[in-house]
Protein chains: 2
Amino acid sequence: MSVTGQQLISGQWQPGQGGRYRAINPAEGAAIEPELTYADEAQIQAALVSAEAAAPVYAATSPEQRARFLDACADEVMALGDTLSERVMQETGYPKGRAEGERGRTCGQLKMFARHIRAGDYLDARIDSALPDREPMPRPDIRFCKQPIGPVVVFGSSNFPLAFSAAGGDTASALAAGCPVIVKSHNSHPGSGELVAQAVARAVRQCDMPAGVFQFLSGAGNDIGATLVSASEVKAVGFTGSYRGGMALHRLANERPEPIPFFAEMGSINPVVLLPEALQQRADTIAEGFVGSLSLGTGQFCVNPGLVAAVADAGLEAFSAAAARGVEALPAGVMLNEGVAKAYQAGVDRLAAQAGVSRVAAGEPVGNQSGFRGQAALFQADAKVFLSNEVLQEEIFGPSSLIVRCADEAELQQVVGALQGQLSGTLQATEADLQARTGLISLLQARVGRLVVNGFPTGVEVCDAMMHGGPFPAASDSRFTSVGTAAIDRFLRPGCYQNMPEALLPPALRSDNPWQLRRLVEGEWTQAAL
Amino acid sequence: MSVTGQQLISGQWQPGQGGRYRAINPAEGAAIEPELTYADEAQIQAALVSAEAAAPVYAATSPEQRARFLDACADEVMALGDTLSERVMQETGYPKGRAEGERGRTCGQLKMFARHIRAGDYLDARIDSALPDREPMPRPDIRFCKQPIGPVVVFGSSNFPLAFSAAGGDTASALAAGCPVIVKSHNSHPGSGELVAQAVARAVRQCDMPAGVFQFLSGAGNDIGATLVSASEVKAVGFTGSYRGGMALHRLANERPEPIPFFAEMGSINPVVLLPEALQQRADTIAEGFVGSLSLGTGQFCVNPGLVAAVADAGLEAFSAAAARGVEALPAGVMLNEGVAKAYQAGVDRLAAQAGVSRVAAGEPVGNQSGFRGQAALFQADAKVFLSNEVLQEEIFGPSSLIVRCADEAELQQVVGALQGQLSGTLQATEADLQARTGLISLLQARVGRLVVNGFPTGVEVCDAMMHGGPFPAASDSRFTSVGTAAIDRFLRPGCYQNMPEALLPPALRSDNPWQLRRLVEGEWTQAAL
């Protein structure tokens, strides 16, 4: 249970042949021991071959077998104990509470998908029995259920070393679906990823799963990602990261000889709309909640509230003043790595340089503090400026937000109507505020995956009802989510069977219903045998 | 109720400003009256604007309102009576039985989607209630349901003037989902399409739907398709047609600034695997069924059996001889249009020219018969030839098929393993044949959308359990179907609501469950109120 810097290929840990590096502690800007390795091209190809070989074997496992495997993954991750949380803290600068909370979330996700596939609804089993006497033509027996799409490549995110990485939500949902997974480790927290991969590898052996069911690779630069997404063995991709990275891989996935489903969650600016009565009643409380959401994890959440919009009245003045005081009190938090810190500073500088944008407040300066840090920032602009300059809609990954001041309600509608697709949209409002603005609410809802009322966007529940995705560019395909049980749908395809003999049907579709699934039989839901 | 050659834009029929043409009767090769028109760029743009305006209005209709609208569409199409079936026969060369059968199927599909959205399961409603006392953080109330993705463009197919055209399965599923539809009419049967569009337009008025909910455009060449797929107002596309056409539009859909879901069903060669005991017992019967499937609609089905594979034994000899006799007896059937007939002949010539491919039989020659016709053809090749030449896997749209003769079972496995993605795969087999070959069956199943046992691939049931799609290149995305109730999923995206006040929730998610939906509440399915 220590970091070795190796690659997991076909069940074997082996040093990568593609170069050496060390992880960096972003709080100190210093390298962390031990030396790590990158996979070379031959190792990547070996992993692809192994994943392809594992696919039919793993697809043939029962949901119960895979559920036990997912439970074992969760247990093994928990068994990493402080070794894991300490490495996470070293590699990310996150406090212990965050590291342990995210570990809990990650294991909770694995167990949630275990429960989900045991329940079996994900199979979407449907049976339309033969009607031999139907005129003018008899109807054959037709049975339908979902099956795994094949090997999946998962790109871990920078900001969730556990919950969106080696055994995060993409991996958990793909494994639950019956798809082998190749994880492209994120170089911001490679040791954390490796420890988790070691835990999963133990679960693979315990549960007698094929060696290629889970593999873990590291690589410098973008070549490894391009190789994996372009490989004929790969049948789908889950990605969490930047718009630029997501779109580059999206293009590759669609330009292959065989295009494959590519799901990228690419973040957004998560607008928070403040309505007048709420502002009048509780501007200070809203500002406090807003600053808390903005600064959580040094603002490094894809659901960070990067935009506030409201009609410019006394309530908004009170909010802005209180939010400014809050932002000024924020320490210069540790950012995930040098690249994130530099990109954040560049984003803030770019926004500050736009005509009509003014800085309302700034947090503690970075100064000579150790490591990679970000100074919180709050800007404002008039709606006319926002509406005429697309730069103001660009995500700045970190603790920066922009208040858009609208002359009146009509302009507020225009601002909401001009928004690109978002992971979330938030309304701070009284009941009366909402009742009077159903048009505005519909406009916002049409642009977001999740609509939040009187909360803040950070804090994404992991549950059946979660939608974490949204209209482009929040996600590459608005029909899917990367969080919650519906995330499994990304990695399933339907297959149907016409007049298949009972003995050869998959268990989900046998007449005696051995798994006691809820099935749509002749148009009615039933758990009964045929 | 007569063909006028006009475009339907925002509820108004108007002559197209982009040129004039006439439909062609393929049985005679002669133009059909009256003169028709093409839309020009301004008219296309007007339709896009109207669809976008209709989207929120139509999205706000209830499933019951849309179900009535779909039922009205079906009633209006039926009310076209002989006017429609006669125009279909003129434009396609199909016999009356086919025209009327397809009309029945089309109206059946519309009514099926009406029932489907009334039942409401497509909404996939999920509720995870607030847990205010949860530690370490309270859980908010989270509610999830599906909603329409926005305006959809539908490309009608050449071979189904009704069931995959103006009010075919793509249109029916998009309208059921709550999405406005712009139909790009197929120039092979524009009058049939217009008559159906007139019927839908009457249903739009009867049901007080927004004018832009259904529009019907014609255009020469590919420009209109490119314009529609590239338009920012369009949020998804349904396409049925050729690989070349599908992939060209797929690229456009993914290269837009905002990529959109694009579903193309692009046909396949639908392999039929003959197993030895079945061949030994009933080679003649299998051959008879095969020739019937091959020649149905002059072979112009995307599920036409274009490939037969078997171990070369006495049974296969008997099958080949019987199939050859059957093919020789086939008349030179009418093909859909000159382009289809030319492409068919070119495909047959190309296959015949491949090394190692020999012609087993040919149907009646086209000779000097009127119109556009195709001569049926049956070829054979050894497995080694098939495995070394990808040309042998190319679809030939029309009544041509290739028998692949395998030296042994291992070679048969290789042939199946080398297949690209298919809409369907068929096994002709006894129980004993199947029991002995679970590996081969899995190999075939992994490559197809629908596995048929002891039937033939033509005849696609429209039901809950149908999967009409498959691994690439049968379809552009193996996760979706274009036939059956699951087709609606292409045009829905999830949205979720966090702590939304009751009064503002969509009815599907209200605590009192006014639509009596089956909902997943705290992980359990229930129709009860909260």
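Which residues of helix 13 of chain A are buried?

## Helix 13 of chain A

This is a predicted model. In chain A, helix 13 covers residues 409-417. Its buried residues are A:Glu411, A:Leu412, A:Val415 and A:Val416. Viewed down the helix axis, these residues fall within an arc of 140°, so they line one face of helix 13.

Several elements of chain A cover that buried set. Among them are strand 12 (271-274), strand 13 (307-311) and strand 18 (400-406). Helix 12 (383-387) and helix 15 (438-445) also contribute to the cover.

## Helix 11 of chain B

Helix 11 of chain B runs over residues 338-352. At 1.5 Å a residue, its 15 residues should span 21 Å; the end C-alpha atoms are 21 Å apart, which agrees. At the start of the helix, a side-chain oxygen of B:Asn337 comes to within 3.0 Å of the backbone nitrogen of B:Gly339.

The buried residues here are B:Val340, B:Ala341, B:Tyr344, B:Gly347, B:Val348 and B:Leu351. They fall within an arc of 125° seen down the axis, so they line one face of helix 11. Their cover includes strand 15 (357-362), strand 16 (373-374), strand 17 (377-382) and strand 18 (400-406) of chain B.

## Cavities

A search of the whole structure gives seven cavities of 30 Å³ or more.

Which elements give two or more residues to the lining of the largest cavity? They are helix 8 (243-255) and strand 11 (262-265) of chain A, together with helix 8 (243-255) of chain B.

Technical notes
Residues are numbered from 1 along each chain as its sequence is written. Chains are lettered from A and ligands numbered from 1 in the order in which they are written. This is a predicted model: local features need pLDDT of at least 70, side-chain atom pairs count only at pLDDT 80 or more; totals for chains, interfaces and linings use all residues. Side-chain values use heavy atoms; hydrogens and water are left out. Helices (H or I, at least four residues) and strands (E, at least two) are DSSP runs, numbered from the N terminus. The expected span of a helix is 1.5 Å times one less than its number of residues. Buried means under 20% relative accessible area, exposed over 50%, partly exposed in between (1.4 Å probe, protein chains only). The arc is that of the directions from the helix axis to the C-beta atoms. Contact means heavy atoms within 4.5 Å. A polar contact is a pair of N or O atoms within 3.5 Å; within protein, one must be able to donate a hydrogen and the other to accept it, and residues adjacent in sequence count only if both atoms are side-chain atoms. On a 1 Å grid over the protein atoms alone, a cavity is a set of points where a 1.4 Å probe fits but cannot get out, and a pocket is an open set with protein on both sides within 12 Å along at least five of seven lines; lining residues have an atom within 4 Å of a point. Grid points are joined across faces, edges and corners, and a volume is the space filled by probe spheres set on the points.
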